[in-house]
Structure formats: structure tokens, C-alpha cells
Amino acid sequence: MSEAKTVAIVGAGPVGLAAAAHVLERGLRPIVLEAGNSIGHAVRQWGHVQLFSPWQYNIDRAAARLLAATGWNSPEPDHYPTGTELLELYLEPLATKTVLATHIHTSSRVTDISRVGFDKLKTGGRAAAPFEIRYQNGQGPKMVRADAVIDASGTWHSPNPAGANGLQAIGEREAADKIAYGMPDVLGKDRARYAGKTVAVLGAGHSAIGTLTDLARLAEQAPETKPIWLLRGNDPAKAFGGGANDKLAARGELGAAFAALVAAGQIKVEREFRVSHLTADGPRLVVGTGAGCCGRQVAVDELIVATGFRPDLDFVRELRIALDPAIECPVALAPLIDPNEHSCGTVRPHGARELAQHEPGFYFAGMKSYGRAPTFLMITGYEQVRSIAADIADDQEAAERVELVLPETGVCNRSAAPDANTCCGGPALSGVDACCIDDANAKQEGKTGCGCG
């Protein structure tokens, strides 16, 4: 009887742990390498944030089967958990109370992956050689070998920079002490940093509008707090979402509430603000769109960069990887998730076929598989790793089979094309008067407004 295959899994977040559960169910041996000092390290950074999807879409079925054997009580399926609840009620029990516990290695940062005895250039016999995974765990370099690798390391620790051209803004590194990336907890542990300050938030996605919404709430408690929205585009309504028409109700509610705050003037909007320079001015930070007299400037106390994330591909550079040149995701997946073509709509379930690489036995999964694309559902990642585990176990029928019916995910934003409901350049949103929003923005810029009242 042949020995069970060993599968190295990079990352112990929701998708990485689900991958380990599916690998175990297939009779394979998982080795989970997590860079953080605990499982779900990235989730802990946004523990204050409520998910847009309820519990029923956040629990993997193989993981649930492992948990059931421990007497675990599943959370209410219709409840929307925060990141902290996701950890405490699901991920931590999964990692500590089930048989997965002995397979997880924390504080183990993967630094390189290659084939034993083969550099990237060599071909003959390559597919039969095991993978060599090198990692650091505080005791010097370590190495483990595996028959397959699933990279579910996510993108949280590789945020996009402030520069509108995809590069760091000039002066961004030097201004690091006044910049936060992602979604700081402005109402909780980071409150003292932001209360009473002028705070600019750069970005137009859900992280940006969620943070701006929290800053507006903070301003109610600390009136000197002044939120400023730095918007690269010219149409704020694109970020407001579909209101009551959004199939993810929590996301629609967030967009509608945010639109109302902008309309009421509680959040200052700087449109077409493409950051290029960051300069210290005493205790303040000057955020600029260009050098000298040609650009615009905003002076703030703090800057929050919420411009999305990108994959860290450094440790897979010795593998034969093919990625879409724009999105940096597997080539077959790109047409399904390209944000230039899609707006948070349903992405059909996909698995090993779309995620496989030219390096047999290596797969991206989870948020990292989406490259720079912004919107990802955990349940999509769970279907990915179910299929991948089947593929590694040579069960092609199961790998090809679709076992997931995704929830409809939206309308994320509306088309700006004029129609019968259009006033002053934007379609009215359900529950929000877009005309009033445009009117308020015009007045904020010193104009007369467009008279929508």
C-alpha cells in the first residue's frame, strides 16, 4: 500500500483550514504553515468588521463535519458575524479542538518553494519530484517536502500603495507613521489615534466606505474629527452600491447609509484625487496629486489607504506560474472576475481546472487566487479547495463536479447611464436620493448645486 500524499498548505485562514479539512477527508496528510503567531492572523486585523455574508455562507462543509465530532454547536445560519466572531466561534475551535490541531504550524513564514533537485528551467522528470518548501519559524530556516502545494496565504499583508499609478507615492515610505492600510478599528482599539483628527481615507471600495462611516460616527463622539474621502474617480455614486436592490443586504445597507452621510455633508469629498506625493508639514501630512502648482493638496493628521490588495508572489518565483498580466490571478479565472468587466456579480463556482498551474500539483486558492480583484466570498474558496483536494487525490470526477450553489451577490454599483430616474448626472438609489447627493457635493465645492432640493 502506497504512502498517503503530503499536501503543504500555506496559510491558516478560513480557506487554508478548509483545505486541510478536505485533504484529511481524502486520506491525505496536510501540513499547514501559517506565518502569524496564531491561526486566522489576517482575520484578527479586521476583527471589528462585520461580514456581508451570514454564517451559512462562511462555514466549510468538511470543516463542519470535523467540528461535529467534537460536539460543536453551529452558529445561527442567518446571523452576520464579525471577524472576531468568525475566529472565536468557528476557526479557533476548528484549529484547536479537531484532528487538524496536530497538522498546523504557526509562526512559520514560507520563504521559498521549488522542486527537489530542479530549478525553474529544468523539465525532464520535474513533475515526479516533490516540492521543497522552506520557511522561517524563529529558529532559523526549516524545510519540508510535499507532493502538492495549496497556496491560500491571502493578500492582506500586501496592500496596494497610495500612488494612483500602482507605485508607492513619493514620500510614502517616509510618512509611514501617519499612514494605515486596510481597515483600522477607528471606533475601538485605534480610537485614540483618530479621534479629534482630520483623517483622509483613500479608496472607493467597501473597506473605504466602511472606515469613512465609522469615522463619521466617531465625529459624533469627538466633534473635531473630520473625515475626508479621497476619491480617484469622479462619481461618488459608484461606491454607494445598489441600496435595497443589492442581493447581499448588509452590503446594500452600508452603501445606503454611507450615501446619506455624504449627502448630509458629514464626509468631505475630494473627487479625481489621484495621489502622487506625500509630504510632512510639521505634525501634519500633505497629500498631493502633483508637484508644484500643477496639483491639489490636502493637509491631514492621518491617512488611511484602502485601495485594495495584491498577491505576494515572491516565494513562488522558482515555480512555473502563469498569471493574467493585469489581475495577477490564474489565467482561466481572469475573465470571470475582471473588475473592469464585472461589478460584484456572481462568479460561477470553479475549482482545480481553473486554478491549476503549469507546475503540476501547485494551486492558488482563496483570496490569493483572485490576484488584485477586489471581491471574494469565502464559500467560493471552500468550493475551490474541495475540488483541489479531489484533484490531488486523483478523483477527477469529483474535481470537475460543482457542489456549490452561490448566493446572488448583487448589484454592487449602478450604471451611470442616464435614464428616466436620472437627475444631475446619477441614477437614484433605492432608499437614497442620488440627486440630493450630487446637490450636496456641488454646494460643498462652492457651487450653487443643481436644484434637486
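Mentor: The questions and answers that follow concern a predicted model.

Trainee: How many helices and strands does the chain have?
Mentor: The chain holds 453 residues, and 51% of these count as buried. Among contacts with a separation of 6 or more, 68% join residues 24 or more positions apart. As for the elements themselves, the chain has 12 helices and 18 strands.

Trainee: Which element gives the largest share of the largest nonpolar core?
Mentor: This core has 56 residues, and Y90, I150 and I337 have the most contacts inside it. Elements that give two or more residues to the core include β1 (6-10), α1 (14-25), α4 (83-97) and α10 (378-392). The largest share, 7 residues, comes from α1.

Trainee: Are the axes of α1 and α3 roughly parallel or roughly perpendicular?
Mentor: Two packed helices are described by the angle between their axes and the distance between the axes. Here the axes of α1 and α3 come within 8 Å and cross at roughly 75 degrees. Angles of 65 to 115 degrees fall in one class, and therefore α1 and α3 are roughly perpendicular.

Trainee: Is P81 buried or exposed?
Mentor: P81 lies in the loop between α3 and α4. Beyond its neighbours within four places in sequence, P81 is in contact with several residues, including V49, L51, W55 and L86. The C-alpha atoms of P81 and Q50 are 5.7 Å apart, although 31 residues separate them along the chain. Because its relative accessible area is 0%, P81 is buried.

Trainee: What kind of aromatic pair do W229 and F258 form?
Mentor: The model has 6 aromatic pairs in total. In this one the ring centres are 5.0 Å apart and the planes stand at 75 degrees, so the pair is edge-to-face.

Trainee: How many residues apart in sequence are the parts that this pair of W229 and F258 ties together?
Mentor: W229 is buried at a relative accessible area of 0%, and F258 is buried at 0% as well. W229 lies in strand β10 (residues 226-230) and F258 in helix α7 (residues 249-263), so the pair ties together parts whose separation in sequence is 29 residues.

Trainee: What is the angle between the planes of Y370 and F376?
Mentor: Both Y370 and F376 are buried. They form an edge-to-face pair with a centre-to-centre distance of 4.8 Å, and the angle between the planes is 85 degrees.

Trainee: Over the ring of which residue does the charged end of R115 sit?
Mentor: The distance from the charged end of R115 to the centre of that ring is 3.9 Å. The ring belongs to F131.

Trainee: Is D394 buried or exposed?
Mentor: Most residues other than glycine have a negative phi, and most peptide bonds are trans. Phi of D394, however, is positive, near 65 degrees. D394 is found in the loop between α10 and α11 (396-400). Because its relative accessible area is 58%, D394 counts as exposed.

Notes: Residues numbered from 1 in each chain as written. Predicted model: local features only at pLDDT ≥ 70, side-chain atom pairs only at ≥ 80, totals over all residues. Heavy atoms only, no water. Core = buried A, V, L, I, M, F, W, Y, C linked by side-chain atoms within 4.5 Å. Buried < 20%, exposed > 50% of the residue type's maximum accessible area, 1.4 Å probe, protein only. Helix = DSSP H or I, 4+ residues; strand = E, 2+ residues; numbered from the N terminus. Phe/Tyr/Trp six-rings, centres within 6.5 Å; stacked < 30°, edge-to-face > 60°. Lys NZ or Arg CZ within 6 Å of the ring centre and 35° of its normal. Axes fitted to C-alpha atoms, helices over the stretch in contact; angles between N-to-C directions. Parallel < 35°, antiparallel > 145°, perpendicular 65-115°, else oblique. Contact = heavy atoms within 4.5 Å.
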